[in-house]
Amino acid sequence: MARLANLNGVSETLPVLPRFPRVQTTRKKASIICFTGKKSDDFQEQPLQTTRRIALGLASVALVGNFCNGVSLAEGNGFWLDGPLPVPSAQNKIANEKTGTRSFLKRGLYMANIGTKGRKFRLKKYAFDLLAMADLIAKDTLNYVRRYLRLKSTFMYFDFDQVISAAPVDEKQPLTDLANRLFDTVEKLDGAVKQRDLPRTETYYKDTTVVLQEVMDRMA
């Protein structure tokens, strides 16, 4: 027994706490399984030993599992690529005759095959988006305007090419002329924005909106 004096001078007796033998605990191993194959029944189990460094990351296992399942499903639907992104190219005469390309085209964009109807819808949608860009044009926002313009115009460029290829013979030339008028004005607009010339940007944007409205009417 161990004795302890309180503040009033009265001694109290405290029981001695028993000592329990040491129990050695062993860390268990956890395994995270992710579907890495192309089929849902083709997967590889990758064991991962838990340590203090990765203990905090185990809270996101559920999210990782959902992501892996999404990858497996995406492969089956044709939206997952094993190799580098394919580089699209235009088959119709809609490039700049002097340069053989268009200055606004962005690289590294993946364009899924959404069919002719889907491309017509996207042409109309992106034309509307560029028409709604008027309020964004200002001296301190030209950098963002150019990024937005190039992104939308790149998709429109290759969509127009596919729509022209799928069009009847008597509609190919009118569509080609419309595409060239649009992309000629977009190139001028892109050059003005790149030089951060606000007056020229506003002028070329007005010219571009006229053609964008024609695109919307044609793709309706």
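Trainee: What volume does the largest pocket have?

Mentor: The model is a predicted one. Rolling a probe the size of a water molecule over the atoms shows where empty space is left. For the largest pocket, the computed volume is about 240 Å³.

Trainee: Which residues lie nearest the centre of the largest pocket?

Mentor: The lining of the largest pocket divides into 8 nonpolar, 2 polar and 3 charged residues. This pocket is lined by 13 residues, and those nearest its centre are Val87, Pro88, Leu105, Lys106 and Arg107.

Trainee: In what order do the elements of the protein chain run from the N terminus on?

Mentor: The protein chain has 6 helices and 4 strands. Of its 220 residues, 30% count as buried. From the N terminus on, the order is β-β-β-β-α-α-α-α-α-α.

Trainee: How far apart are the end C-alpha atoms of helix α6, and what span should its 22 residues have?

Mentor: Helix α6 covers residues 198–219. At 1.5 Å a residue, its 22 residues should span 32 Å, and the distance between its end C-alpha atoms agrees with this, being 31 Å.

Trainee: Which helices do the buried residues of α6 pack against?

Mentor: The buried residues of α6 include Leu198, Tyr205, Leu212 and Met219. Thr201, Thr208 and Thr209 are also among them. The buried residues of α6 pack against α3 (115–131), α4 (142–166) and α5 (169–194).

Trainee: Which residue caps the N-terminal end of α6?

Mentor: The cap involves a side-chain oxygen that lies 3.3 Å from the backbone nitrogen of Arg200. The residue that supplies this oxygen is Asp197.

Trainee: What phi does Arg196 have?

Mentor: Arg196 lies in the loop between α5 and α6. Its relative accessible area is 38%, so Arg196 is partly exposed. Most residues other than glycine have a negative phi. Arg196 is not a glycine, yet its phi is positive, at about 55°.

Trainee: Is Arg119 buried or exposed?

Mentor: Arg119 is found in helix α3. Its relative accessibility is 12%, and buried means under 20%. Arg119 therefore counts as buried.

Trainee: With which side chain does the side chain of Arg119 make a polar contact?

Mentor: Leaving aside residues up to four places away in sequence, Arg119 touches Asn113, Ile114, Asp159, Gln162 and Val163. The polar contact of the Arg119 side chain, at 3.3 Å, is with the side chain of Asn113.

Note on methods:
Residues numbered from 1 in each chain as written. Predicted model: local features only at pLDDT ≥ 70, side-chain atom pairs only at ≥ 80, totals over all residues. Heavy atoms only, no water. Helix = DSSP H or I, 4+ residues; strand = E, 2+ residues; numbered from the N terminus. Expected span 1.5 Å × (residues − 1). Buried < 20%, exposed > 50% of the residue type's maximum accessible area, 1.4 Å probe, protein only. Contact = heavy atoms within 4.5 Å. Polar contact = N/O pair within 3.5 Å; in protein donor to acceptor, adjacent residues only side chain to side chain. 1 Å grid on protein atoms, 1.4 Å probe; cavity = no way out; pocket = protein on both sides within 12 Å on 5 of 7 lines; lining within 4 Å. Points joined across faces, edges and corners; volume = space filled by probe spheres on them. Nonpolar A, V, L, I, M, F, W, Y, C, P; charged D, E, K, R; others polar.
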